[in-house]
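Thanks for making time, everyone.

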Amino acid sequence: MREKALKEIESANSLEKVEEARVKYLGRSGEVSGFLRTIKDLPVEERKTVGPEANALRKELEEKIAEKKESFSGSGKKTFDATKPGKRTGRGHLHPLTIVDRDVRRIFSSLNFSVVEGPEMETEYYNFDALNIPGDHPARDMWDTLWVKGSGESRHLMRTHTSPMQIRYMESHKAPFQIIVPGRTFRYEATDASHEINFYQVEGLMVGPDVTLANFKFIVEEFFGKFFRKDIEFRFRPSYFPFVEPGVEVDIRFGDGKWLEVMGAGMVHRNVFKSVKYDPEEVQGFAFGMGLDRLAMIKYGIPDIRMFYSGDVRFVDQF
Amino acid sequence: MKFSYTFLKKLVPGVKDKEEMINLLTTHSFETEDGGGNILDMDLPANRYSDASSHWGVARELAVARGGEFEPPLRYEVPGGKIDVKIEDSLCLRYTACVMENVKVGESPDWIKEILEECGLRPINNIVDVMNYVMLETSQPLHAFDLDKLEGGKIRVRRARKGEKITTIDMQEFDLDSEVLVIADASNPVAIAGVKGGHGPEVSGETTRILIEAAAFDSRQIYKTARKIRLDTDASNRFSHDLSLALPAAGLLRAVEMVKEVSGGARETDWYDSLSEPVPKRFVRADADRIKNLLGVEVSSEDVEKSLRRLGFSAVEGEENLWEIPVLRIDIESGEDLAEEIARVIGYDKLPSIPPKIQIRAAEENETVVFKEKVRNLLVGQGMSEIYTHSFYAGSDALGSEVELENPPSEEYKLLRESLVPGVLKSLEMNSKFRESVSVFEVGRVFWQEKKDKRERTNLCVALSSEEENFFVLKGMADSLLEAVGLVDYVFAEEVERSDAPLTEVADVHFENKVFLESEGKLIGYLGNTEKEGRNISILEVDMDALLSLVEGERGYRPVSKYPSVMRDISVLVPVSVRIGSVIREIQEGNTEIIRDVDLVDEYADDSWNGKQSITLRVVFQSDERTLENKEVDAEMEKIRKMLEKKFKAEVR
């Protein structure tokens, strides 16, 4: 039966002929199909040898028929279908905070700011004392601190802001300069949708002989305009941070939306200049700090800060 | 801090409504929010408690913000007297008191009760209520004692003695010690100084003679005490901040006036003031040029003058630009402070935006920042997703050299991570619930204790989790990554002599199979794998700081060979103990001139082979100078074969 069937398929000269052969051998009442149905009636021993052979034959014929069918050109042939979905190769994803950090660095670099980084574990001196925030003072309550265990001359802590880098940078550089300092910061905090024990800040510092608060206004308006690429209304209002004087807070709003607090800032306090041995009569400048998580949440509409640190790729892969 | 809209509106009637009040205060003074009802919630700056933790102070801010004026009716001269008061500790900076007789204790009038309640204070009786009300007016916390219940009619300000106790008005008992400052009568403490009054000599229905106290204390002392005994009161909150030494007098005089108003017939009979000299006047120079230089906007001297006058500054006659600072404004010290006052009055929104004039220099490119960005890009290009995890983990994740938090927010975050692995493993576990294969990486700081030092560095962790074997996938990715960042000379070794605490600790704890990444004699990372719940997990962790120090900055050009390469395969049977890595290295090192690459193309081991494995290696030969002849390559292969037989007991198949 095999020889006969193969010969018939081989000699078929049209699609119809091939189909005829298929029906004859493999159709519902075809010869091969019919034979396969009779196998179950054979003795067990015979079934074991005949069964696989018959199945192999069926498979061989199916392949031959498919091959033959394909050899005929014309209406029945499947043509190249370019509308099928593409095969995706995996794509990697940057974390949204990395993307936002990159945007921030790019914009400030274009404004001639240098990017520097500092340690996440700091000393009490750099995080507080040098920034005009004395110990045992309620001003420190603005920063709920995670303290590090251990003894030593200066107590260690997890930096509560990126501001310590103001001091470190000025200790080793001369004015004029302009820098930003992105990095992870920490607070002793009960976590919820808008609070995390670790989060990201970007510090900015511009110092020179005649850097003014009006210059600060220009820089932040320029920055936020480029960052959000939307029309933004700004509100500058008084605020208090021990390391600046005057101190301001920056709010932004899109259209008729709500005011959003986005930045604390001010003119560097003379005590801060003194602690890095700058002469406050010779130089002046502004400093600012903003939360990267908050910027990302506003930009992408992310409702919960905890998502950033969840390690969930379903979240990350959206960016 | 809570403020009463009703009270402020009474003081500055021109303000249209609550919304306008909130807006004026927020844009000119300090952040103010609607606390519901007639309550305003103000975020008072730490340096403004002296003048503005009071309705009179806020009323002035409000009036000035509207372009008007409000002068709080404060008086500062305490009459002389002879109340028996002794200050035995310098932490009490000033103590003033007044004795009043013929006092009738009863209920307060409604207008007082209303305002107290709006500010979250519970009305008690007319005397106590007046003390609180005057605090709301002036910022000065006050306390009234029943004079007849003060032993000996005496007041002693001293440190508590060991073993002394006090029960406060609200019947809480506190054990005291010498770190706590108290107000005492002839024998016992009657109040925790600056925090709360004691039960016993408080004003009650039968009281007819009172002693009103208005004092000033060292703010750090009160701050420490309130935290230590965990008692946060309206008084301790104000006293924890620096307050003007003039304030007690202002509060006391106003309180006496008010007691007479609510308790008809009461009269003052004696006084006390520990301060014999008036509080010194302070002055500041208002240099219009300096202010202009700081703000970046032209400010006329008329603007300066008008603003300062309305804030209560007074010009010193005969001195150019010299101003006397209002006695309660202890926050004002320098010209920058005045610049802020003027900017606030004018309004920050009136400030122009002016581009800075700077000399252009190439912005510094921090090499760590650039390096991290490069690594991230390479990994994302390999299909990895970047995750961020917490900088802390629980004691159960401890590896051995962690730095500990003194005040962990929870057990879950007790230790500073010394490796990124515990966090990354958690992420893999979570993601595995809905993904067949997970590939993630994290770049982040880790911390560890090295003898006495606490150290910190940046690590990179790359992780794969899937059902199929993935160790060599990651190893291949590691090679690509290291090559791409420019690490030229490195090995993955099974054994390391040195132990770098964080890296070897985590590798030992978490991974059954591992190789260590070494370069120039430095241990800079490891690659490990393990199985968890039917998943293969492979992880690469690298010390990024060390890696950065080892990579070569620039690449050099090497001519492309004009001559063809020749490939030969060799199959050998070697004992299973033979490490394929060593075989490849030996072949490579045999002739570095013409052997360009050696790769594993096949390996197989069968249990029935008596401890043998079959490996097939592909050797690529190429010369920069000539076309290699078959003869030469054959000879080289023969050398390789001999070497394998000798060194690895190989049987060539």
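Start at Arg285(B): its bridge partner in S17(B) is Leu322(B). This is a predicted model, in which local features need pLDDT of at least 70 and side-chain atom pairs count only at pLDDT 80 or more, while totals for chains, interfaces and linings use all residues. Residues are numbered from 1 along each chain as its sequence is written, chains are lettered from A and ligands numbered from 1 in the order in which they are written, and side-chain values use heavy atoms, with hydrogens and water left out.

Back to the strands. S15(B) and strand S17 (residues 322-324) of chain B run antiparallel, joined by three bridges. Strands here are DSSP runs of E, at least two residues; helices are runs of H or I, at least four; both are numbered from the N terminus. Two strands pair if DSSP finds at least two bridges between them. The sheet is open and has three strands, in the order S15-S17-S16 (chain B), with antiparallel pairing. Which strands are at the edges? Strand S15 (283-285) and strand S16 (314-315) of chain B, and each pairs on one side only.

A word on confidence. Chain B has an average pLDDT of 91, and 99% of its residues score at least 70. pLDDT is the predictor's confidence in each residue, from 0 to 100. For the complex, the predictor gives an ipTM of 0.86 and a pTM of 0.83.

Next, helix H5 (residues 110-118) of chain B. Its buried residues include Ile112(B), Ile115(B) and Leu116(B), and also the charged-class Lys113(B) and Glu118(B). Buried means under 20% relative accessible area, exposed over 50%, partly exposed in between (1.4 Å probe, protein chains only). What covers the buried residues of H5(B)? Among the elements are strand S1 (2-4), helix H1 (5-11) and helix H9 (247-262) of chain B. Contact means heavy atoms within 4.5 Å. Just after H5(B), Gly120(B) takes a positive phi of about 80°.

On a 1 Å grid over the protein atoms alone, a cavity is a set of points where a 1.4 Å probe fits but cannot get out; a pocket is an open set with protein on both sides within 12 Å along at least five of seven lines; lining residues have an atom within 4 Å of a point. Points are joined across faces, edges and corners, and a volume is the space filled by probe spheres set on them.

The second largest pocket has a volume of about 1,600 Å³. It is lined by 33 residues, and those closest to its centre are Lys475(B), Phe492(B), Ile580(B), Gly581(B) and Ile584(B). H18(B) gives the most to this lining, six residues. By class, the lining has 14 nonpolar, seven polar and twelve charged residues. Nonpolar means Ala, Val, Leu, Ile, Met, Phe, Trp, Tyr, Cys and Pro; charged means Asp, Glu, Lys and Arg; the others, Gly among them, are polar.

How many cavities of 30 Å³ or more does a search of the whole structure find? Five. Of its 22 lining residues, the closest to the centre include Glu117(A), Tyr200(A) and Arg376(B). H13(B) supplies the largest share of that lining, four residues.

The second largest cavity holds about 100 Å³. Among the residues nearest its centre are Ser239(A), Pro45(B) and Glu340(B). Here H12(B) gives the most, three residues.
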